[in-house]
Every structure is written in C-alpha cells, then in structure tokens.
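Here is a short briefing on one protein model. Look at the sequence and the structure, then read the points below.

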Amino acid sequence: SAPAMKYFLLIWMLCPLASLHAAGPGIRIACYNAESLHDTIPDRLIDDGDYTPRGARQWNGERYRLKIGHIARVIDELDADLLLLTEIENESVLRDLMLATSSDYNYIHRHTSDRRGMDIALLYRGSLFFPGRVRQIAGPGLPRELLVVDGLLDGEPLTLIGTHLPSQLNRASYRLRALGTLRKAVDSILRRDPDRKLLVMGDMNCTPQSAEAVRELGIRDPADTVREGTYRRVPLYTPLLGPSRRGFGSYAYRDRRFLYDWIAASPAATRGPGLRLSHGGVFVRGWMLHSSGPFKGYPLRTFRSREYLGGYSDHLPVYIEMERPKPK
C-alpha cells in the first residue's frame, strides 16, 4: 500500500545515520527487542508452551537456530559497544546467541518475573565498559524488573537502567505506574549524585513525545536546555525525540510508525565534561524489512499472530552515540 511504501522510504532515510559508527570516534549504545527469543525446551515455571516443538507455534530446533542466526546478524551489523536486549528467555539462549555472533561481547543477564520468561540482558565490550554493581528494581506496574548497572564507560562513571515496560495491549494505567516506578529509580540515583551520567533505555512501549513519557520522565530534546525550571524534577533528554515527532519508528502498526524503543540521558550525560550524548537513530537494513506485499517496509518479524514468517523481529534497534567534545 502507499502508506507502507512511504514507511519503507522514510525508514531507509535513516541508513546514513546508522553507517556513521564505522567512521566516527563515538561509543555506540543501543537497545533491541528480539521478539520472543525462546529456546525449544518446556519450562514449568513460565508460560512458554507455544514455543515448543509440539506447541501452537511448532517451535523446533530448525526455527530456533534460524532465529538465533538472524538476531546474531543484526547484532554484528549494529556493532554497538553496549547493547540492551529484551525478550530473551534465559541465559542458555543468550549463550547460544553469543556463540553465533562474530562480535566479542561480555554479558549481564538477570531473570525477571515476566510470566512468559522474557528477560533483559546487557551485552558490552569489556575493552570499553567495566561493570560494577548490578541490581534489579521491582515496583508497581513493572511486569519485568528494571536492570540497573553501574560501571565505568571508557573510564567514566555511568549508570544504565534497562527497561521493558508494559505493552500497548495492557491498560495505559499499567504503563503509567511503571513509568512512575522508573521515575523513582532515576530520582533515587540522581538525588545522591546529581552529576551522574545516567541512561534509561529499552522497550518503553510508548513514544518519547507521548503525554505519559513527558509527564513522568520530563523527556526533552538535548538542544532544549533553557526551561528546566518548568519541570519539577530532573528532565531526561533524547536525540530520538525529533525523529519520533517526524514519524520515524522502531515498530509499525496499521501503516503507522511508532518509536517504542528509545534511550534517554540525564543532564550530565548531555553537556557535562567528558563523554556526552551526540546523536542517535533507528538502525535498519533492507534485509530486516518486508520487501514486498501488503507489509512492504515493515520490520520482518518471526511471527504474525500464529503465522510463521521466519524473520528477525517486529522491532528495529535504536541507538545513540556518545562522544568527547573536541578541544576548541
């Protein structure tokens, strides 16, 4: 359809952004929803029956290996220095994924309370990031605990908060409560250390310009630094706000694009000394998209409802770059 073709053309406009990493000095930080990356083994503690050889999705070894290879290809092409993955079933799946990539990553993985067993993991290059304290934060509205990692990024203190907030299929009130829990976690960290470089990242299931994100997190564009007093708490900044307002997205539904995955930074990470937020974008390659048919230009997913498509994910990765300011 014409709207779908428009999506295809618009999303390809972001490819030059994605290619900057190879030539630039920046540190790339990204997040990616891998769309239900399950193994084939039944687990009595979670609801994974559909993702077994005899389950409704006929999830067998061949399909699993193809999915692992697909996600590994995205990871290698994305070439992020830190990458937050959501919808990973367990550490065994994560190990299989690491064996399939040509990249050299360490990882941090924690189980969550998600009924489907969907966990959050952080991949990182040990040459750039040295993790210290790792913890999870539970709270109202969160089906999956926040993953909080304190560490040193290229020698500078940094805190990462990995999230996977309630889906759009849930009531908006759930997500609002989850954003409130996330806000409290941010406040707790910045109250102790206002100059802390902090990043909130993951599948937010709402756009950065949505009323709920602006209300709870004070989302702003990095260029907007003059009216901080109008927000009662410390605002968070994302270079993905502008692209989201212009209709770019990491997820497609009914010929519309939604930036449900994004990364936001504390003030110190946008204009403090040392590493600071530079730019960001949606990462896409042609093979990650439907090339024909009514969904041309949509992310090529693994399943549409119960129909097996054998694709990558229903989401696209997003990224930011952090750089050191050049001497004047």
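The charged end of Arg 28 lies over the ring of Tyr 319, at 4.1 Å from the ring centre. Arg 63 does likewise with Tyr 308: its charged end sits over that ring, 3.8 Å from the centre. Keep in mind that this is a predicted model.

**Aromatic rings**
- A search of the whole structure turns up nine aromatic pairs.
- In the pair of Tyr 51 and Trp 59, the ring centres are 5.5 Å apart and the planes meet at 80°, so this pair is edge-to-face.
- Tyr 51 and Trp 59 are both buried.
- One aromatic cluster is formed by Tyr 51, Trp 59, Phe 303 and Tyr 308.

**Helix H3**
- Helix H3 covers residues 61-78, and its 18 residues should span 26 Å at 1.5 Å a residue; the end C-alpha atoms are 26 Å apart, which agrees.
- At the start of H3, a side-chain oxygen of Asn 60 comes to within 3.3 Å of the backbone nitrogen of Glu 62.
- Arg 63 is one of the buried residues of H3, which also include Tyr 64, Ile 68, Ile 71 and Leu 78.
- The buried residues of H3 pack against several elements, among them strand S1 (27-37), helix H4 (91-100) and strand S16 (307-308).
- After H3 comes Asp 79, with a positive phi near 55°.

**Confidence**
- The average pLDDT of the protein is 90, and 90% of the residues score at least 70.
- Residues 1-23 have a pLDDT below 50; this stretch has 46 contacts in the model beyond near neighbours in sequence.

Conventions:
Residues numbered from 1 in each chain as written. Heavy atoms only, no water. Phe/Tyr/Trp six-rings, centres within 6.5 Å; stacked < 30°, edge-to-face > 60°. Buried < 20%, exposed > 50% of the residue type's maximum accessible area, 1.4 Å probe, protein only. Lys NZ or Arg CZ within 6 Å of the ring centre and 35° of its normal. pLDDT = per-residue confidence, 0-100. Contact = heavy atoms within 4.5 Å. Helix = DSSP H or I, 4+ residues; strand = E, 2+ residues; numbered from the N terminus. Expected span 1.5 Å × (residues − 1). Polar contact = N/O pair within 3.5 Å; in protein donor to acceptor, adjacent residues only side chain to side chain.
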